[in-house]
Amino acid sequence: MICRLCGKSFLISEMSEEHYPAHSVGNDDIVKLDLVKMIDSIQSSEISNRVKSGEKLENVIDDVFDNQLSETLYPRGRTARTLCRNCNTFLGKYDEAYLKFFNSDGDPRSIKGFQPITKLQIIKSIFGKFLSIPEALEEDFDFVNFVKDEEQTEYTGIWNIYFVTRDFSSDILGLKDIGTGKAVFEEGVVYELSDDKFIYNLLNFPKHPCFEMTNLFDILKKNYIVVKGTGANGGYHSQILLSRLFQTMNESDDK
Ligand SMILES: [Zn+2]
């Protein structure tokens with residue numbers, strides 16, 4: 001196997017099993033949402049009938065979620081073997097920086113007090129995560145050196161990362177779906193990964209103006225605005241969610 005960061009070849013046993021996203025930011029005992037059933041449940045009257053008959057909405061949703069929509073897919077969190085142990089340890093440093101960002105909710109008032117090197121590590125942590133997502137394994141990213149080289153402060157390649165925080169506009173029924181995904185547009189390709197608080201998209205073109213998102217490099221500035229939620233049009237997140245829904249439907253048709 002080829003390590004996605006250093007590019008050297010290793011036996012599978014020499015690769016590390018890394019979490020994407022990291023354990024500490026929500027990747028723990030992931031359940032796979034059954035998207036087809038989810039849409040069915042929302043469209044069926046079950047939820048509204050149960051609420052009308054006096055059950056609390058929250059309880060109904062929890063119940064439907066636990067019993068009908070989820071199967072435990074990754075009891076130890078979702079992992080991939082895409083990095084050698086050295087590179088995984090190396091990226092761990094970036095993940096520590098990212099955890100600070102995560103814990104302060106990306107709030108500009110906190111982040112502006114971080115050292116410039118920490119801010120860069122936060123950025124490199126997210127770029128690094130995209131190396132490991134299954135949808136992007138064939139992609140030959142031009143930011144590998146930027147991630148690999150701690151000293152490199154500028155990235156001039158073709159990829160952009162934008163993010164938003166999660167809210168009810170991004171999460172159907174408030175359920176957090178932290179899957180990864182890919183969508184193809186006329187302009188290029190969009191990848192997605194997310195954690196408990198943020199949704200990240202990696203694009204090889206400047207984002208569509210109609211989708212409001214924060215550029216990840218903006219966290220280097222003194223002031224920036226973190227876009228909350230994916231807005232009324234659902235952003236790339238809903239497009240990717242939908243393409244996964246159709247994929248799931250096709251797969252169940254094939255059975
Ligand atoms: Zn490596």
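View 1. Cys-6 is partly exposed, at a relative accessible area of 21%. Here, buried means under 20% relative accessible area, exposed over 50%, and partly exposed in between (1.4 Å probe, protein chains only). This is a predicted model: local features need pLDDT of at least 70, side-chain atom pairs count only at pLDDT 80 or more, and totals for chains, interfaces and linings use all residues. Residues are numbered from 1 along each chain as its sequence is written, and side-chain values use heavy atoms, with hydrogens and water left out. The SG atom of Cys-6 coordinates the zinc ion, as do those of Cys-3, Cys-84 and Cys-87, at 2.3 Å. Donors are N, O and S atoms within 2.8 Å of the metal (3.2 Å for Na, K and Ca); water is not among the atoms, so sites may look incomplete. Cys-3 is buried at 2% relative accessibility. Cys-87 is buried too, at 8%.

**View 2. Geometry around the zinc ion.** The four donor atoms subtend angles of 102 to 119°, so the arrangement is tetrahedral. For four tetrahedral donors, the ideal angle is 109.5 degrees. Along the chain, the donors follow the spacing C-x2-C-x77-C-x2-C. The structure holds zero disulfides; a disulfide is a pair of cysteine sulfur atoms within 2.5 Å.

**View 3. The Glu-150 to Lys-93 salt bridge.** The closest N and O atoms of Glu-150 and Lys-93 are 3.1 Å apart. A salt bridge is a side-chain nitrogen of Lys or Arg within 4 Å of a carboxyl oxygen of Asp or Glu. Glu-150 lies in the loop between α7 (144-148) and β5 (160-165), and Lys-93 in helix α4 (residues 85-103), so the pair ties together parts that are 57 residues apart in sequence. Helices (H or I, at least four residues) and strands (E, at least two) are DSSP runs, numbered from the N terminus. Glu-150 is partly exposed at 27%. Lys-93 is partly exposed at 37%.

**View 4. Further salt bridges.** The whole structure has five salt bridges. One of them joins Arg-109 to Asp-107, with the closest N and O atoms 2.9 Å apart. Arg-109 is exposed, at 67% relative accessibility. Lys-221 pairs with Asp-218 at 3.0 Å. Lys-221 is partly exposed, at 46%.

**View 5. Helix α6.** Helix α6 (residues 116-132) has 17 residues and reaches 25 Å from its first C-alpha to its last, close to the 24 Å expected. The expected span is 1.5 Å times one less than the number of residues. Of the 17 residues of α6, 15 are buried, so the helix is largely enclosed by the rest of the structure.

Key: Tetrahedral: all angles 85-135°; square planar, octahedral: opposite > 155°, others 65-115°.
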